[in-house]
Amino acid sequence: MPSAETLIAAIRELRPEPVKLMEVCGTHTHAIARSGIKSVLPEGVELLSGPGCPVCVTPTEVIDQILSLSMEPGVIIASYGDMLRVPGSRPGDSLQRRRALGARVEIVYSPMDAIEIAKQNPAKEVVFLGVGFETTAPGTAIAALTAAEQGVRNFTVWSLLKRVEPALRALLRSENFQVKGFLCPGHVATIIGAEGFRYLPEEYGMPAVISGFEPEDILLAVYHLLRQLKEGSPRVENDYPRAVSAKGNLLAQGIMARCLAPRTDLWRGLGEIPDSGLGLRPQLREQDAQVRFGLERLPAPKPTACRCGEVITGRLRPADCPLFGKRCTPEDPVGPCMVSSEGACSAAYLYRPASP
Amino acid sequence: MKMDEIITLDYGSGGKKTSRLIEQQILPALGNPALSALGDGALLPGGDRLVFSTDSFVVSPLFFPGGDIGKLSVCGTVNDIAMCGGEPKYLSCAFILEEGFPMENLEKIIASMAGACEKAGVQIVTGDTKVVEKGRGDGLYINTAGIGVLRYPGLSPRNLRPGDAVLISGTMGDHGATVMLARSGMLEGELRSDCACLNHMALDLLDKVPGVRVLRDPTRGGVATTLNEFVEGSELGIELIERALPVRPAVHAACEMLGLDPLYCANEGKLLAVVPEEQTEAALAVLRSHEEGANAVCIGSVTGDFPGRVVMKTPLGGRRILQKLTGAQLPRIC
């Protein structure tokens, strides 16, 4: 891997036209902010954050549903830590607050930990919040399958899983979408493979480069995106070959296909998108929290004061939101982008550039 | 509609919400010169000037690589006194035990306290024991308070001058990463808490390097939060060099996995010292002559360019602001 200095020089040598590029992975968003990459790019080359933070794309209405479920007697919510501070529609309301009010909310690092909690608490109902994209979908599917096979009847999965492709297609179809190239998510690509992004150049003429997560990885991917634009030859380039193959992880894809089925889902900022969510297949209905607790799929969301939806879709920079850093901070977040460790606002707030 | 304020775990994180609790609830009602100085310990007037400090320990798990709640409870209070320039002498100890707690574990914890006291040269001279019903505690909580003789008055962040060097006595984040990983059930390999009493090293440093401006142990909230406390509301700032920050590979890996930042992870056996630039090498030599300070390095400097801010120079050459810890996921680590 060339050094950061070499890559920065190579990017400058391309003399790129002003252009907007988009990263669609929260880990990229944070790595970019943390290392200060934006400050070393040529003027006019902008990196915007797309819908790459799974917590952030979960709409407020669903968060409210989760908060209500957490107060049901006998329910234990098992969740990744990221979800705990995400606010519902009332400011200050969150799983963390509900926990302080008596709800049982357990932080887990893997869905298998949640099964263990269910085994240790046979009289309780353990609901695992399955948040994430294709990266976490196989693990969530395995947990549901394992619970079914082992007969852990008090364990259910609330699938909030989402697929990246339908969301990117929705963005590309949206009005006034100015992005000219995608920095593709390395983790998602390990599952779906580099070929999983071919629709970007082939159907939309969009350069697409799969990137790793070190500052040098990201600089290299930006260089390749700018070079594709210069050459006018959009294609998928895999800059993360140490983890990503052309076809992806076939075993994981098999498990997903067996356990999960695409369904219409709601996204913050993007609304309802056909086939964009992943629900448990009917043979796993015993393990499906939405079935067990009669959780209805919600209608399209109402507009709110929170502008996270615009941030997620690259239409608003975090710092341009009137709430940013004022009413909305990591300790008192109004929207999920400020609270999630992958959120664009949290990255912009935590890693603000300094100038004397 | 704003919700009624209640205590959430954030208020115990050592970050911004903890500061808010102290400023809005405690100081207005209880403030006095000794308390309002908000040092690690209170400096008390009188014939022999005294340093007084207290700390409660609720860490889970009670035992972790590198220490346990007993050792932590002695080191924590001893270090608070030492960072004020005091020589710790006597501690109190209060146990809050939960019904059903195994006597064997209590024995181990008390033995570990005895070992830490001996090493630090302090005695536990008063104490209290309460037992609460099953389910009303989490095995064991410990409070310790300590008293020491003020040997080096005047240590304060107000002494900082532009150009001063910021030193750390070793790697960052060892305690926080170890306990967080132990809690997640994924602990393996070389991770160990750095839990240690720092009083001998601190007093040796103060003996030999007369210009020391301030000492502080970066516990909850980590190095970034402690350095912010140094320059808050001041005309000066601190600039850190990211490449100079010492982090063990195992801690780095654990932080990556858990989504933590070593700059915000708790340390229980490290001190930060600010010294005049020309005393940097002398101070590092003293720190490195102690086991606890073997990996001491300079990580940055005091600057007039960023008033009230801690900034970090990144390897790409940019600078970014480091804030105080803002309500991160910090389960009970001390």
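Biologist: Which residue of S11(B) is the bridge partner of Leu167(B)?

Modeller: The bridge partner of Leu167(B) in S11(B) is Ala273(B). In general, the strands of a sheet pair through backbone hydrogen bonds, in either a parallel or an antiparallel sense. Here two strands are said to pair if DSSP finds at least two bridges between them. Strands are DSSP runs of E with at least two residues, helices are runs of H or I with at least four, and both are numbered from the N terminus. By that reading, strand S8 (residues 165-168) of chain B and S11(B) are antiparallel and share four bridges.

Biologist: On what conventions does this reading rest?

Modeller: The model is predicted, so local features need pLDDT of at least 70 and side-chain atom pairs count only at pLDDT 80 or more, while totals for chains, interfaces and linings use all residues. Residues are numbered from 1 along each chain as its sequence is written, and chains are lettered from A and ligands numbered from 1 in the order in which they are written.

Biologist: Which residue stands opposite Arg216(B) in S11(B)?

Modeller: That residue is Leu272(B). Strand S9 (residues 214-216) of chain B is joined to S11(B) by three bridges, and the two run antiparallel.

Biologist: Are the faces of strand S11(B) covered or uncovered?

Modeller: The general idea is a count of C-beta atoms placed from the backbone: a residue is buried if 20 or more others lie within 10 Å of its own, exposed if 12 or fewer do, and partly exposed in between. In strand S11 (residues 272-275) of chain B, both faces are covered. Leu272(B) and Val274(B) on one side, and Ala273(B) and Val275(B) on the other, are all buried.

Biologist: With which residues is Val222(A) in contact, apart from neighbours within four places in sequence?

Modeller: Two residues are in contact if their C-beta atoms, placed from the backbone, lie within 7 Å. Neighbours within four places aside, Val222(A) contacts Ile11(A), Leu21(A) and Leu41(A).

Biologist: In what order do the four strands of the open sheet in chain A stand?

Modeller: The order is S4-S3-S5-S6, with parallel pairing. Strand S4 (104-107) and strand S6 (155-161) of chain A are the edges, each pairing on one side only. On average, neighbouring strands of this sheet are turned by 25° against each other, direction ignored. Strand S3 (residues 75-79) of chain A and S4(A) are joined by four bridges, and Ser79(A) has Ile107(A) as its bridge partner in S4(A).

Biologist: Which strands of chain A does helix H6 lie across?

Modeller: To read such packing, axes are lines fitted to C-alpha atoms, for helices over the stretch in contact, and angles run from 0 to 180 degrees between N-to-C directions. Helix H6 (residues 111-120) of chain A lies across S3, S4, strand S5 (125-132) and S6 of that chain, at about 175° to S5(A). Helix H7 (residues 137-150) of chain A lies across S5 and S6, at about 160° to S6(A).

Biologist: How many residues does each chain give to the contact?

Modeller: Chain B gives 30 residues and chain A gives 28. On the side of chain B that touches chain A, helix H1 (16-30) and strand S14 (319-322) of chain B are the elements that give two or more residues. S14(B) provides the largest share of that side, three residues.

Biologist: What value does phi take at Asn176(A)?

Modeller: Phi of Asn176(A) is near 60°, a positive value in a residue other than glycine. Asn176(A) lies in the loop between helix H8 (164-173) and strand S7 (181-185) of chain A, and counts as exposed because it has 5 C-beta neighbours inside 10 Å.

Biologist: Which residues does the cis peptide bond in chain B join?

Modeller: It joins Ser60(B) and Pro61(B), with omega about 0°. Pro61(B) is placed in the loop between strand S2 (50-57) and strand S3 (63-64) of chain B.
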